[in-house]
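Student: I would like to go through this model step by step. Can we start with how the chains meet?

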Amino acid sequence: MLNIFKKTAIAGAMILSAGAALAEYPEKPIQVIVGYSAGGGTDVMARTAAPFIEKYLGDGASLVVKNMPGASGQIGVTEAANADPDGYTLGTFNLPGMMARTIDREAEYDRDSFTYLANVVNDPNVIVTSKASGLDTLDKLLEEAKANPLAITVGMSSLGGDDHFALIKLEKATDTEFTIVPFKGSAPARTALLGGHVAMGILNISEVAEFQDQLNVLGVATNERSQFAPDLPTFKEQGLDLVNGSMRGFIAPAGLPEDVQAKLIEAFSQLSDDQEFLDAMAATANPVEVVTGEEFKQLTSDLYDLANGVWQTTPWN
Amino acid sequence: MYSDLLHALPDVFAWTNFAAVVIGVIAGIVVGAMPGLSATMAISVLVPFTFGLEPLVALGLMAGIYNGAMYGGAIPAVLLRIPGTPAAVATTFDGYPMAQKGEGGFALQVAVVSSSIGGIASAFALMLLAPPLSKVTLLFGPSEVFWVAVFGLASIIFLLGGNPIKGLISACFGVFVSVIGSDPIYGNDRFTFGQLEMLDGINIVILLVGLYALPPVIDLLETPLKTDGVNSSKLGTEPIWKALPRMKYWKTWLRGSLLGIWIGILPGAGGSMAAFMSYNEARRTSKNPEKWGEGEPEGVAAAEVANNADTASALIPALTLGIPGTAVAAVMLGGLLVHGLQPGPMLFRDNPDIVFGFMWQFLFGAILLVLLGGSLATNSFARLLNLPRPLLGSVIIVLMLIGVYSIHGRMFDVYLMLGFGAIGWVMDRLKFPLPPVVLGLILGGFAEENLRLALRIGRGDPMVLFQNTTSLILVALTVAVVVGPTLKKRFIDSRKKA
């Protein structure tokens, strides 16, 4: 008898507290863990988006950005994956990097460790060639690559990143082979291209926008022309099915209460229609593409499968 | 190319940025005047604290400290025959005899004016040479950068003087530290022992603080300083406008500036070598070399002009190629990197106001030196030597701990810094030079990464390293640095026999 009473009381308390959570979330500041140092692309995205998310969550919500740089973002994303799934710890998420790290080294998280909130930025890949190479059209590039396999050197920012996957897609689609030269970051890769030390480069559109007169930009890996540089043609226009980019978004630990998850996704989904937000992102060279919830999860899963497939046949380390 | 230089000028005069230079110069003089504390140490302790500052405030502080410390070292050199910084050794030769003769005040005035002139010349060299050089750096691909790194390592080992074997061992330790962390190409973990904190490698600032700040602080606490000789009433200081007409060292100033600038650009050498060479040359060409060492003011001028003339010029290779010429330049590079300013041609393109503003700050730092150090306070700075040393040491240790913790907000880095401090202290006691460790860490990483990139570009063929003129010139320079001193010694020995 007493037992039943106890159980009822506990159940009642649980219902009450759940009700309270629904009514009040967020009742304290929400921490956003950024896996890179202040001032980097991911950090800028988080800090630019934060006030808009606060606005859409309403009720005086406040987001606090915390930088935990190190190990290519792995330290921060691990911290976010292991946090309490109460909605008060979110994290930034980079694709394909965060998934590639679960394949090429031992990571303390996997694709099921997260509640997928929203991808916010998609910085599409571009293929560029140095002026010295003379390969100033896509056709010339592919002709040369077919005639002399491995002769074209390709500068990129790292192995197992978005640049690398773009090249793998290109090689598969056109049956070609290139020699990869992985620099430490995109800036040195771009400098080597400007100096003509490598013939071709795979970079992101935000990184080459200001260099169009010093490099040949052969195409952009998007479905439609990027609003960021509308004068540059896509590969699809040129008959090549190549779509790839570097994506940055927000996740929370797996097991978020459904009502909290719904409220967060609702807030993030409003970003894509907020002109003020879009302007702020354009000013910081961040091409926006908002993908939320299940779709974002599916996107991550697809990229994982692609990376894993590549890893099984041609591991990059 | 030079229009950016003028464009950057207004920012420098923003009051926060200008105040940073003033504070930096004063702090630099204080640091330099304390035997055992050096510019490298002061700047490495400062760097972690500059995260939150505007870039020009942070850089202004550093430029000011560098200039100030190079003069500050002359104060105890003249008054106590204890060089405040390694670069002030040559200042003791004539500075101390002058102080004994009751001309200490004049010696300090000669030092501050000469330091200022050297600093101004160096800042102009940086302004004139760095922008055109930054254009040429596009010619430097992976194989050329590899050779620059090898040349830098070779010259720091062999030009530092003393014992090349010990230099080599120090450099090897630095190169080993550069290997820790993710492999630059494949990302495999090396020597990380499963620690996520080590994946990015050893942060240069942590190594610098441990290596350069801890051993001198221990020394500071250990050894009481005898200050009997300091009596500021005996300095015989007259107002600087009366002292100035007595300084007619134009030739020495010019030669010392050029020598200092050149030695600053060369990787490896640095202030102390510049000061020695300038002193020797000035004495060799002097009309009365026999008076040198007995209190010849021109000797103070020669040493002090040269040890300030390498300050800004050491940043020429650092800003254009990312390869620092001296340990101080290496620390400053660390200061640039914490603000996301990656050295190289893109720095001049993307952040002209910062990089050119930094150059102006060097110039104003050098000018302020004569105003602050010379006219106001020659006497008061001399009293610095009476500061209680245990108090100073404790304050510095606290600053080091807080600074290193604040880089990533983790205790792991603090333990790492203390570990490097212990290693640095042992090396210091065994007379192993410390600069090769720092350059080994920086240049070792450069050499490995670029060698591997070059070989990938050449698809495995090592001949890719010798395929252009720039590479071949750098190979020749490296050989000259390694073989040169030995040949010179043989030549002198054979002449002695004959």
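**Contact and chains**

Tutor: This is a predicted model. In it, the contact takes 24 residues from chain B and 24 residues from chain A.

Student: Which helix gives the largest share of the side of chain B that touches chain A?

Tutor: Two helices of chain B, α18 (345-350) and α23 (435-457), each supply at least two residues of that side. The largest share is four residues, and the helix supplying them is α23(B).

Student: By class, how many residues on the side of chain B that touches chain A are nonpolar, polar and charged?

Tutor: Chain B brings 24 residues to the contact. By class, its side that touches chain A has five charged, seven polar and twelve nonpolar residues.

Student: What percentage of the residues of chain A count as buried?

Tutor: Chain A has eleven helices and ten strands. Its C-alpha atoms fill a box of roughly 85 × 40 × 35 Å along the principal axes. A residue is buried if 20 or more other C-beta atoms lie within 10 Å of its own. Of the 317 residues of chain A, the buried share is 47%.

Student: What share of the contacts in chain A between residues at least 6 apart in sequence join residues at least 24 apart?

Tutor: Take the contacts in chain A between residues at least 6 apart in sequence. Those that join residues at least 24 apart make up 77%.

Student: How far apart are the end C-alpha atoms of helix α5 of chain B?

Tutor: Helix α5 (residues 55-72) of chain B has 18 residues, and 18 of 18 are buried. At 1.5 Å a residue, the helix should span 26 Å. The model agrees, because the end C-alpha atoms are apart by 25 Å.

Terms used:
Residues numbered from 1 in each chain as written. Chains lettered and ligands numbered in written order. Predicted model: local features only at pLDDT ≥ 70, side-chain atom pairs only at ≥ 80, totals over all residues. Contact = placed C-beta atoms within 7 Å. Nonpolar A, V, L, I, M, F, W, Y, C, P; charged D, E, K, R; others polar. Buried ≥ 20, exposed ≤ 12 C-beta atoms within 10 Å, placed from the backbone. Expected span 1.5 Å × (residues − 1).
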